[in-house]
Amino acid sequence: MRYIIIGAGAVGGVIGGRLIQGGNDVVLVARGAHLAALRADGLRLVTVEGSTTLPVRAVADPGELGELRADDVLVLAVKSQDTVAALTQWAAAPVAGGGIAADRLALVCAQNGVENERVAQRIFRTVYGMCVWLPATHLEPGVVVLHVAPLSGILTLGRYPHGSDSSITEFGKHLAASEFLAPVVEDVMRWKYGKLLNNLSNALLALLDDTDEPADDLRQGVRAEGETVLAAAGIPYADESERQVIQGDRMELQYIASVPRLGGSTYQSLARATGSAEVDYLNGEIALLGRLHDVPTPINDLLQRLVTEYARDRREPRDLSPSRLRALLG
């Protein structure tokens with residue numbers, strides 16, 4: 001197998017870097033200054049053990065690879081708002097022996113949220129989900145930082161919408177040999193809905209300032225809305241106790257002096273001033289389900305709107321106090 005990591009940011013960069021260290025054939029797909037840095041200097045992977053620079057093959061698009069291989073696996077690690085553009089770009093890529101990627105290659109959605117697989121299945125015949133527990137940071141071109149040890153993350157895999165097969169099992173073995181815990185399950189979307197509930201607090205981590213004012217009520221409230229909505233919709237999800245049993249002490253946050261863990265993916269999008277954030281597919285997913293099932297979701301509604309405004313206006317993150325957010329909620 002050759003793994004083509006589409007979106008070599010925090011998550012994609014760490015997965016790709018660890019697969020390379022595990023002896024796998026990997027291509028990283030990136031853009032802009034990050035692509036230029038990867039081509040010029042390689043990928044710098046920073047962990048609690050230190051910094052390692054890996055020589056990588058980095059491309060901007062499928063045209064640079066020519067015909068794709070029949071055993072290529074596409075690992076989609078872009079933010080959800082970029083999924084359609086990425087799928088459109090790679091779907092029509094020719095594959096050796098005839099046909100195109102959408103018909104012949106496996107696509108693994110290594111992304112937060114629960115919409116990506118559904119979108120991908122409209123275009124690709126063979127789609128897999130990956131529930132990603134991998135605290136990482138990408139704020140500097142050419143550099144990704146992994147904040148956990150001893151394992152590099154928990155990557156739960158399965159066929160979409162359910163089931164498993166030999167292809168995803170083989171991928172799981174390659175990940176397991178590359179310092180990940182990579183269980184293959186029959187119900188991967190149940191795990192991804194469980195992760196969605198945790199990701200609802202990403203917006204709070206991106207917006208709230210660094211004062212000592214307590215915000216536990218907001219974190220509990222945003223999750224409670226999510227749980228209520230999923231119950232109303234009849235959608236099962238893996239709870240925290242299930243995750244803790246699997247995680248145990250295999251993956252624990254580590255302090256890295258040179259790169260403190262400042263925030264999750266939403267914070268990093270605002271900090272890099274990318275102009276967009278994933279909030280429509282996190283808090284926005286709960287807002288959508290709430291409207292469909294007549295369940296009010298005021299906290300998720302507000303967070304979706306605020307993060308969208310911050311991203312659009314390229315405002316600095318973390319300038320909102322918990323008390324101000326409560327006032328906006330009324």
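Axes here are lines fitted to C-alpha atoms, for helices over the stretch in contact, and angles run from 0 to 180 degrees between N-to-C directions. Helices (H or I, at least four residues) and strands (E, at least two) are DSSP runs, numbered from the N terminus.

A word on the source. This is a predicted model, where local features need pLDDT of at least 70, side-chain atom pairs count only at pLDDT 80 or more, and totals for chains, interfaces and linings use all residues. Residues are numbered from 1 along each chain as its sequence is written, and side-chain values use heavy atoms, with hydrogens and water left out.

Start with the helix pair. Helix α13 covers residues 298-313, and helix α14 covers 322-329. Their axes come within 10 Å and cross at roughly 110°. So α13 and α14 are roughly perpendicular to each other (65 to 115 degrees).

Who touches whom? Contact means heavy atoms within 4.5 Å. From α13 come Pro 298, Ile 299, Leu 302, Leu 303 and Leu 306. They meet Leu 325, Leu 328 and Leu 329 of α14. By class, this contact has 8 nonpolar residues, no polar and no charged ones (Ala, Val, Leu, Ile, Met, Phe, Trp, Tyr, Cys and Pro count as nonpolar, Asp, Glu, Lys and Arg as charged, the others, Gly among them, as polar).

Now the sheet. It is open and mixed, with 4 strands in the order β4-β3-β10-β9. Pairing takes at least two DSSP bridges between two strands. β4 (50-54) and β9 (136-137) stand at the edges, each with a single partner, so one side of each has no neighbour in the sheet. Strand β3 (residues 43-47) runs antiparallel to β4, joined by 5 bridges. There, Arg 44 stands opposite Thr 53 in β4. Helix α1 (residues 10-21) packs on this sheet, touching β3, β4, β9 and β10.

Technical notes. Parallel < 35°, antiparallel > 145°, perpendicular 65-115°, else oblique.
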